[in-house]
Amino acid sequence: MGRRRARQEKRMMRGRNMNSIEENALSPRKEISGLPVYNAGISATVAQRVSGREDVVLLASNENPYGASPAVTAALGALVPSRYSDSSCSVLRDTLSQQLGATPDRIVCGNGSEELIAALCRAYLHKGDAVLTISPCFGLHEIEPLAAGAQVIKVPMTKAFDFDIDALVLELSRRPKIVFISSPSNPVGNAMSQPDLERVLDAVQPGTLFVLDEAYFELIDPGSPDGLKVLGQRPGLSWVVLRTFSKAYGLAGLRVGYGIASDDGIARAMRAAVTPFNVNAAAQAAAIAALLDDAWMKDATARIRRDRSVLAERLRRLGVGVVPSQANFLFIELSIEAGPVARALLDKGIVVKPWMEAGYANFIRVTIGTAGDNERFVQELGRALGLS
Ligand SMILES: *Cc1c(COP(=O)(O)O)cnc(C)c1O
């Protein structure tokens, strides 16, 4: 190639690159680039690095401090990693079907129930659709609809941290495409009473999908409703109940949750909106083993509930506000901004979640740990607040 030709070609290449930057710059959809970041808790490794301590206590992500059933360990030991997982999760769905009394065709398993929140948005939302949720809310009830291009309407809880049923009823009359409600609420911890739930359901219009996220179902008080049973009495409604193995069953690291839909059409749409092998083989084997050892889960949740009352009482005596909770965490109100307090606790090796949502800057959500974890948290919180 002649020298002049080479120079010419170089110029052309440069020109093309310039054009491509101006005209075809690679950028994500604006719904994605503008998305709020999910406020995930930090891992033990990161907490150890930041605090310089070995003995960190993780109280930010509502995990089970007692681990999982020994049956899970045995099931994982027998795993064959070289084979693809069962893409239809057939054994897990059959096992759930027997426990829940819903046919397997209405049950969908996900890579955590968070994947099913995303799947519902992907399956049902058009750009500009309205999605209704509560504030304060579980981050993904807002993030996933926004990612799908929807607008999110949040009904704040009342000052006393009750669900604002009147306001929800009014918003439901405007026919949002999807409603996401977590009960017990994450981050508040309170559960919707049966009369309140019935009033909300009375207001759901045709064309609205009602999603009840029961991630903490296994921890609720005996008097609180089983959403699946209540919704089962509503043949005309379109609904999904979401549950998970991450909290009461102690499998957060394996990522497995499930949804029960009012009909197999909704279940089919959810399945079409996830990847074919979304739930890996370890997660399926562990979830089946965990379900079959219900006694382990009941024992762990009973301990957590007991320690929850002890911790709530200790905190009240310390003088901080505690919202009554039916989940494995407490939402506590400080008299000062929560961020610096959480940072001071992290320096002591204790990880909690300062609530980032607008209007809740003085709140911390703390997971119920072992009795020892909880005591360490109270001591250090008292010190950080200058109260003890
Ligand atoms: C923890 C949680 C989830 C997500 O659970 P995974 O199954 O781990 O994805 C969903 N909804 C709420 C309200 C939660 O608190």
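**Entry 1: a glycine after a helix.** I began just after H5, where Gly-101 takes a positive phi of about 70°. Helix and strand labels here are DSSP runs numbered from the N terminus (helices are H or I with at least four residues, strands are E with at least two).

Before going on, I noted that this is a predicted model, in which local features need pLDDT of at least 70, side-chain atom pairs count only at pLDDT 80 or more, and totals for chains, interfaces and linings use all residues. Residues are numbered from 1 along each chain as its sequence is written, and side-chain values use heavy atoms, with hydrogens and water left out.

**Entry 2: helix H5 itself.** H5 covers residues 90-100, and Leu-92, Arg-93, Thr-95, Leu-96 and Ser-97 are buried in it. Buried means under 20% relative accessible area, exposed means over 50%, and partly exposed is in between (1.4 Å probe, protein chains only). What do the buried residues of H5 pack against? I found E2, strand E8 (257-261), helix H11 (264-272) and H12. Contact here means heavy atoms within 4.5 Å.

**Entry 3: other positive phi values.** Cys-89 has phi near 50°, a positive value in a residue other than glycine. I located Cys-89 in the loop between H4 and H5. Its relative accessible area is 3%, so Cys-89 is buried. Phe-161 is another non-glycine residue with positive phi, near 60°. Phe-161 is in the loop between E4 and helix H8 (165-172). At 12% relative accessibility, Phe-161 also counts as buried.

**Entry 4: cysteines.** How many disulfides does the structure hold? I got zero, taking a disulfide as a pair of cysteine sulfur atoms within 2.5 Å. For Cys-109, the nearest cysteine sulfur belongs to Cys-89 and is 4.3 Å away. Cys-109 is buried, with a relative accessible area of 6%. I checked Cys-137 as well: the closest cysteine sulfur, in Cys-121, is 12 Å from its own, which is too far for a bond. Cys-137 is buried too, at a relative accessible area of 5%.

**Entry 5: the sheet.** I traced an open sheet of seven strands with mixed pairing, in the order E2-E8-E7-E6-E5-E3-E4. Strands count as paired if DSSP finds at least two bridges between them. Why is one side of E2 and of E4 left without a neighbour in the sheet? Strand E2 (107-110) and strand E4 (151-156) stand at the edges, and each has a single partner strand. On average, neighbouring strands of this sheet are turned by 20° against each other, direction ignored. The axes behind that angle are lines fitted to C-alpha atoms, for helices over the stretch in contact, and angles run from 0 to 180 degrees between N-to-C directions.

I then looked at one pair. Strand E3 (residues 130-135) and E4 run in the parallel sense, over six bridges. Ser-135 stands opposite Pro-156 in E4.

**Entry 6: cores.** A nonpolar core is a set of buried Ala, Val, Leu, Ile, Met, Phe, Trp, Tyr and Cys residues joined through side-chain atoms within 4.5 Å. The largest one has 57 residues, and Leu-92, Leu-168, Ile-181, Phe-210 and Phe-245 touch the most other members. Helix H12 (residues 281-292) gives the largest share of this core, seven residues. Where does the core lie? It lies between domain 1 (44-59 + 295-384) and domain 2 (70-293), because both give residues to it; the bounds come from an automatic or database domain assignment. Another core lies apart from it, with 30 residues, among them Phe-329, Ala-342, Val-366 and Ile-368.

Leaving out residues up to four places away in sequence, its contacts include Ile-134, His-141, Phe-163, Met-192 and Asp-213.

**Entry 7: Val-72.** Val-72 lies in helix H4 (residues 70-77). Buried or exposed? Val-72 counts as buried, at 4% relative accessibility. Val-72 touches Leu-251, Ala-286, Ala-289 and Ala-290, not counting residues up to four places away in sequence. From Val-72 to Asp-213 I noted 141 residues in sequence and 25 Å in space, C-alpha to C-alpha.

**Entry 8: cis bonds.** Ser-183 and Pro-184 are joined by a cis peptide bond, with omega about -5°. Pro-184 is in the loop between strand E5 (178-182) and helix H9 (194-202). Asn-186 and Pro-187 are also joined by a cis peptide bond, with omega about 20°. Pro-187 lies in the loop between E5 and H9.
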